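Work through these exercises with the model open. Try each task before you read its solution.

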Amino acid sequence: MSRWSLYTWTRDGRSLRRALPTLTILAALLTTSAGVAAGAAGAVERDVLGSGGLTQIELSSFEGDTSVRPLTTSALRDAAHVPGVRRVVADYPSVLYAEEDGTYDLAGHTLTPGDDLPLVKGRLPAASAGLGREEVVLPAAAQGTDFAPLLGRTVAFGYTKATGAASGTTAVIRLKVTALYDPAWQADGPDVAYLSEDTAALLAAARAGLTPEIFRAREGAQSAVVLVGHQRQVAAATESLQGEGFSASPVSDRVRNLPGLFGVADLAMRVGVLVLAVGAVALGAVRAADSTRARVGQFAVLRILGSGRAELRRILLSEALLSGGTAGVVGVLVGTGASVASAGPLSDLLGLPITATGALPGPAWAAAALLLPAAGLAAGTLLGSREALRRDPYLTARAHA
């Protein structure tokens, strides 16, 4: 890189320095998207897949869809007999509401092995044991009620027990509050009370006016989590379950394709690489053509003084590398700062803790944001400067005299 290139880049407003702001913004956007996606993916890998999601399959029951097998007692028994399956836990949605103190009503769900609750107080039993029939896990607070004083106590909850086609009565169930979780966790929606499978089925059956046995055999569960022995058995077990009519999908596939911000950021960083590369080339071609036309008299004098076309191209390429390199460095620094700053809001959005270091963009994406501006601008410069450098220097100098 010649001193002349550095001089023209810093002092001449017509140099390729004009491409710096646009390329910096593109590099920053790419880096930010990569950091956001890395933070979300890392949180999912650590808190969802790392807790057993790699060995789990989710079964769903779609109401009214005859092509999907309902999750009745017999169906769940068949799923449990699929090779590689160790355990099947079904979810029966229900409702618990305040019986003694408060005015809350909580959605009830089975605590499945796929629920890695962020506890704030208390302790969960081992995954193999599950919750007891008379135990419940509540959010730390919901609908204006603080459940912290109830931890470790046996509390009376109300639930609906149908007595006819359109009538019902209130029944009471007493459950021990064994743990409290962060209310920001809303994988099953807000204000959820987690129960054992048997208790959840009891409440759901009472609401339908049936015994738990008949409800399980006739209506079935809304969903279920299937645990297999090893990650390598997931694909075969999923295929077998789908072959038997179940709507089955690996949990790892579901969480790795999360909708919302994670999905948008993942798509944005892939599109961003293409936009940054194409944008840098196009911007280089346009800016180089404009720059050489604006400085054609200056270049003509250099040609007359002995500088060849190759040397003039080196000047422009040096300016392109300075502009692209600066844009890449500044863009990566700004984008990294933005992605790290978004770790807190992203944690609240996903309900998963994301650290500042977890929100750093991956090395490959950071390298792309760092190098593509310079490479693209240099390629565009070679294309955009050809016409102006072909002009006769004497005629050009005379015209600009």
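Strands here are DSSP runs of E with at least two residues, numbered from the N terminus. Two strands pair if DSSP finds at least two bridges between them. The model is predicted.

**Exercise 1.** Find the hairpin formed by strand 9 and strand 10, and say how many residues lie between them.

*Solution.* Start with strand 9, residues 154-162. Move on to strand 10, residues 168-181. Five residues separate the two strands of this hairpin. Now check the pairing. Nine bridges link strand 9 to strand 10, and the strands run antiparallel.

**Exercise 2.** Which way does strand 3 run relative to strand 9, and how many bridges join them?

*Solution.* Strand 3 covers residues 94-98. Two bridges connect strand 3 to strand 9, and the two run antiparallel. Tyr-97 has Gly-158 of strand 9 as its bridge partner.

**Exercise 3.** Give the strand order of the open four-stranded sheet, then name its edges.

*Solution.* The order is 2-12-1-13, with antiparallel pairing. Strand 2 (85-91) and strand 13 (247-250) are the edges, since each pairs on one side only. From one strand to the next, the twist averages 25°. Next, take strand 2 and strand 12 (residues 223-228): six bridges join them. Val-89 has Val-225 of strand 12 as its bridge partner.

Notes. Residues numbered from 1 in each chain as written. Predicted model: local features only at pLDDT ≥ 70, side-chain atom pairs only at ≥ 80, totals over all residues. Heavy atoms only, no water. Axes fitted to C-alpha atoms, helices over the stretch in contact; angles between N-to-C directions.
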